[in-house]
Amino acid sequence: MRFSDWLRDKRAVLLVCFAGALFFSALLWLFGLEAGEICLLIICFLLPAAGLLLWDWLRLRKQLSHLRSVMDALDKKYLFAEIVDAPVSAWEKAYFDLMKSAMKAMTEEVSYANRQGREYREFIEQWIHEMKVPLTAIRLICENHKTEEARKILTQTELLMQGVERVLFYARLGSVEKDYLITEVSLRACVSEALAQNKQFLIQNNVCVQMDTLTGTVYSDAKWLQFMLSQLIVNSVKYRGAQPPVITVASHEQENGITLTLSDNGMGIRESEISRVFEKGFVGSNGRAGDNATGIGLYLCDKLCERLGIGIDIQSKAGESTTVLLHFPKSDFLRV
Amino acid sequence: MNNILIIEDEKLIREELQTLLSNAGFAVSCVTDFENVLAQVRAESPDLILLDISLPAQNGYSLCASIRRFSEVPILFLTGRSTAMDELQALTLGGDDFISKPYNIPILLARINVLLKRGQAAGQSGSLTYSGITLDPVAGTLSAQEQEIELTKTELKIMYCLFSHAGEIVSRLQLVEYLWDNEIHIDDNTLSVNIMRIREKLRVLGKEELIRTKRGMGYKI
């Protein structure tokens, strides 16, 4: 609040003061008082009034800055009304009470929405765990009776599993910090597991994977990392080019960490679209041409990387190749 | 033969696991009465336990802790849950490894083998001989009548797979799957190239006829 704003608020009082002073001056003039005496009287009247108003301004300003500092320090801003002292004046008090009940209603609404979100998330997680039982059974049955059909069913089961997994990780995205276990992860083992998860799908698609130069370990969460790699690998096959897919996974040791690169010979991404591939729901011309793009896979990867402190970057030549780079910064304090 | 005990309450999964592990050459027994698991563990004295976490009477974690009181047998947790907390709990309560559903079968078998080898000396496979040709998997060589040739890793795995199915037809898909399980991720065309190279090497040994192509079915030695 600026001083001029405050003056405008008080304009009625100020007007009455000045009008009164003018009126009484005129009246006293008519009664035959001298100009000097009238001036003295007016000063005696205006000085206390001005003093009172100034005091009011200073008080309000101090109060306001106190409230602002409380607000700034507050983590959950909507609890503001619960924290600050109730005002003294009757009008402010009434106003404050109204606002407080509005805030309270809002807080209830927020906690209701939070609870609903949490319950929904818990339901989804529970449901996914239930889904894993029949999925495991399907896998085992197919593995025990390896026929042509069983292999096809396995391929579809792998895709199904990918979808289910994606739902699980999407549901958990909000609480990654509660659900990771940082260990020393061998990049090679992690990529191998991601490949094994999608083995039938990859073999059926005639995929060739080269990982001769993949070495090194990083400190990260194996489960999340594997999920991301699996998404990226399946993407490479989904958006394949004319040739049989060849995926090359390599690692480069650098001064400030390790970079894992995953490149393919797929259809690539148009230059105009590459900056948007990490957006949620972005499908692009490649996705629209195919039939099962969701615009979620890369979004999840990006978000997960952010949470895990991994740098992610994507480079592509349309019609030739796509390379995804994951940069694991070297962190000294994890090595303690 | 290693004896594996499965503690899993889903009947179908239990039975299929039993089939799978028997096919992989393990002696398998299952717990079916969940009221008295510990007595069965004592009676069987297995070399390895596959333990599910959500069980009817007592959950897997507390079961694991109870088993640890009298036995050091390796325990591999199998579970549908996969949060970091579950993993941590499984390992701190004395579990040796943790694998979440739906487990990938080659990975499951690999982990089982790792745990079993922990207690014993690694059972290194010796050399295989078929129709006068010897495959030495450790040295990575094929030899016949004093002559020896070196194989690359991929060629070695292909030959190993063929030798261990000597006299049978091995389909191309079977070979590719075997290679993928052994961390060699190649496609059908690359397999053909490798077979061609092996044949060239066999020619040096004078045994180019060793690998026969069964049209539409696969390879056979």
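How many residues does the contact take from chain B and from chain A?

**View 1. The contact between chain A and chain B of a predicted model.** Chain B contributes 31 residues and chain A 28 residues, two residues being in contact if their C-beta atoms, placed from the backbone, lie within 7 Å. In this predicted model, local features need pLDDT of at least 70 and side-chain atom pairs count only at pLDDT 80 or more, whereas totals for chains, interfaces and linings use all residues. Residues are numbered from 1 along each chain as its sequence is written, with chains lettered from A and ligands numbered from 1 in the order in which they are written.

**View 2. The side of chain B that touches chain A.** At least two residues each are supplied by helices H1 (11–23), H4 (84–92), H5 (105–119), H7 (172–181) and H8 (188–205) of chain B; helices (H or I, at least four residues) and strands (E, at least two) are DSSP runs, numbered from the N terminus. H1(B) gives the largest share, six residues. By class, this side of chain B holds 14 nonpolar (Ala, Val, Leu, Ile, Met, Phe, Trp, Tyr, Cys and Pro), nine charged (Asp, Glu, Lys and Arg) and eight polar residues (the others, Gly among them).

**View 3. The open sheet of chain B.** Five strands pair in parallel in the order E2-E1-E3-E4-E5, pairing requiring at least two DSSP bridges between two strands. E2 (27–30) and E5 (97–100) of chain B are edge strands with a single partner strand each, so one side of each has no neighbour in the sheet.

**View 4. Strands E4 and E5 of chain B.** Four bridges connect E4(B) (residues 75–79) to E5(B) in parallel. B:Leu78 has B:Ile99 of E5(B) as its bridge partner.
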